Amino acid sequence: MTLRVQENRSKSAKWKSSDICPNIFKKLKVAIKMTQFCDVLWNGKEGFEVKHVSGRGRSYTVNLDKWTCSCGYFQLAGLPCCHAISAIYKSGRNIADFIHKCYSVEQFKKIYEHCLEPAEGHERWPVSDKPRPQAPGYVSMPGRPRKNDRKREEGEAPKERKCQSMALKLLAACVATRATTRQAATRILKKGRRRMPS
């Protein structure tokens, strides 16, 4: 943060050619270039209907008195969109009058007017005689506890589930004893008469 404040202060000290920040001026230049595809109808007061002559030919309504456009960019960004700029040109007004003051160079310099003071390292901090804060005790939350299984490595096989291991044991029991039914294999597992094949 200290470096950012210092860099922005040094950068803003060189801005003398315009009242608007350079990055904002670049955005305005892009919007001004897009006005060549806009056709404007003026009602004589503050209402404008701007239609795109290319693409889908959508129409948007602009009110310069309220600083609004139906596309939503004018009122959200505080910068005139290409529709609002077309309406401004149609009425013979100045674009700078419709740019929010937060984008001015003066306001930018005010933001970074105050700098952060340098701080000592933590080994130089004064030691307090107050007792150290302790972590709060564990509070058991309602509901079933969450299973905190460790994260598997890439390519590592997932953890074997109980249902899968039980199915494998039943299959092994059927093969070892030639049992043909699930009930027979289950009885063998319960009685412990079989040995797992190696």
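I counted secondary structure to begin: the protein has 7 helices and 4 strands. Helices (H or I, at least four residues) and strands (E, at least two) are DSSP runs, numbered from the N terminus. Along the sequence I read the pattern α-α-β-β-β-β-α-α-α-α-α.

A note on the source. I am working from a predicted model, where local features need pLDDT of at least 70, side-chain atom pairs count only at pLDDT 80 or more, and totals for chains, interfaces and linings use all residues. Residues are numbered from 1 along each chain as its sequence is written, and side-chain values use heavy atoms, with hydrogens and water left out.

**Burial and contacts**

I looked up burial next: 25% of the 198 residues are buried. Buried means under 20% relative accessible area, exposed over 50%, and partly exposed in between (1.4 Å probe, protein chains only). I then took contacts, meaning heavy atoms within 4.5 Å. Of those between residues at least 6 apart in sequence, 42% join residues at least 24 apart.

**Aromatic pairs**

I searched the whole structure and got 5 aromatic pairs. Rings of Phe, Tyr and Trp (its six-membered ring) pair if their centres lie within 6.5 Å; planes under 30 degrees apart count as stacked, over 60 as edge-to-face and the rest as tilted.

Trp 42 and Phe 48 are stacked, because their ring centres lie 5.5 Å apart with the planes at 10°. Trp 42 is partly exposed at 39% relative accessibility. Phe 48 is buried at 3%.

Trp 67 and Phe 98 are tilted, because their planes stand at 45°, with centres 5.8 Å apart. This pair links distant parts of the chain, 31 residues apart. Trp 67 sits in the loop between strand E3 (59-63) and strand E4 (68-69). Phe 98 sits in the loop between helix H4 (82-91) and helix H5 (105-111). I have Trp 67 as partly exposed at 27% relative accessibility, and Phe 98 as buried at 6%.

I also noted a cluster: ring pairs link Trp 15, Phe 108 and Tyr 112.

**Helix H2**

I checked the span of H2 (residues 22-34). Its 13 residues reach 19 Å from first C-alpha to last, close to the 18 Å expected. The expected span is 1.5 Å times one less than the number of residues.

Which residues of H2 are buried? I found Ile 24, Leu 28 and Ala 31. They cover an arc of only 60° around the axis, so they lie on the same side of H2. The arc is that of the directions from the helix axis to the C-beta atoms. The buried residues of H2 pack against H4. On the face turned away from them I listed the exposed residues Asn 23, Lys 26, Val 30 and Lys 33.
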